Amino acid sequence: MTISLADDDGAIACVDLPPGGGWKTNRGQTRWVLGGGGGTVGFLDRPEIGAFQVTVNLKDVGAADADPGQVHAAIRIGEHAWRSVRTWRTTADGRKLVTP
């Protein structure tokens, strides 16, 4: 799985996640989490709406690397890719970039 974020200035982050070991799951196998020194990635299966939700928490990428406004997110799993463009904003302390 590869997750990438970019704004109009270029790449903010690109994370390649390994297959296999290291992923932790809940009993129902609807939620997977992979953690490491640089952050965590969560993957939640949402069959009731026919979708999945991915959360990424990166410790080494500051909000200074990204500008508020349009942020392009892309997820690739094998041959499949999904893209999204959303408007993001910085938090009041300027330390995080979040979707409203």
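How many helices and how many strands are there in the chain? The chain has zero helices and nine strands, where helices (H or I, at least four residues) and strands (E, at least two) are DSSP runs numbered from the N terminus. In sequence order the pattern reads β-β-β-β-β-β-β-β-β. This is a predicted model, in which local features need pLDDT of at least 70 and side-chain atom pairs count only at pLDDT 80 or more, while totals for chains, interfaces and linings use all residues. Residues are numbered from 1 along each chain as its sequence is written, and side-chain values use heavy atoms, with hydrogens and water left out.

The C-alpha trace spans about 35 × 30 × 25 Å along its principal axes.

Of the 100 residues, 20% count as buried. Buried means under 20% relative accessible area, exposed over 50%, and partly exposed in between (1.4 Å probe, protein chains only). Contact means heavy atoms within 4.5 Å. Among the contacts with a separation of 6 or more, 30% come from residues 24 or more positions apart.

Nonpolar side chains tend to be buried together in soluble globular proteins. A nonpolar core here is a set of buried Ala, Val, Leu, Ile, Met, Phe, Trp, Tyr and Cys residues joined through side-chain atoms within 4.5 Å. The largest such core has six residues: Ile3, Val15, Leu17, Leu34, Val41 and Ile75. A second, separate core of five residues includes Leu5, Ile12, Ala13 and Trp88.

Val41 is buried, with a relative accessible area of 5%. Beyond its neighbours within four places in sequence, Val41 is in contact with Ile3, Leu17, Trp23, Trp32, Val33, Leu34, Val54, Thr55 and Val56. Val41 and Val15 are 26 residues apart along the chain, and their C-alpha atoms are separated by 9.6 Å. Leu17, with neighbours within four places again set aside, is in contact with Met1, Ile3, Trp23, Leu34 and Val41.

Gln70 lies in strand 7 (residues 69-77). Gln70 is partly exposed, with a relative accessible area of 39%. Apart from neighbours within four places in sequence, Gln70 is in contact with Ala6, Asp7, Asp8, Val85, Arg86 and Thr87. The C-alpha atoms of Gln70 and Ile49, 21 residues apart along the chain, are separated by 25 Å.
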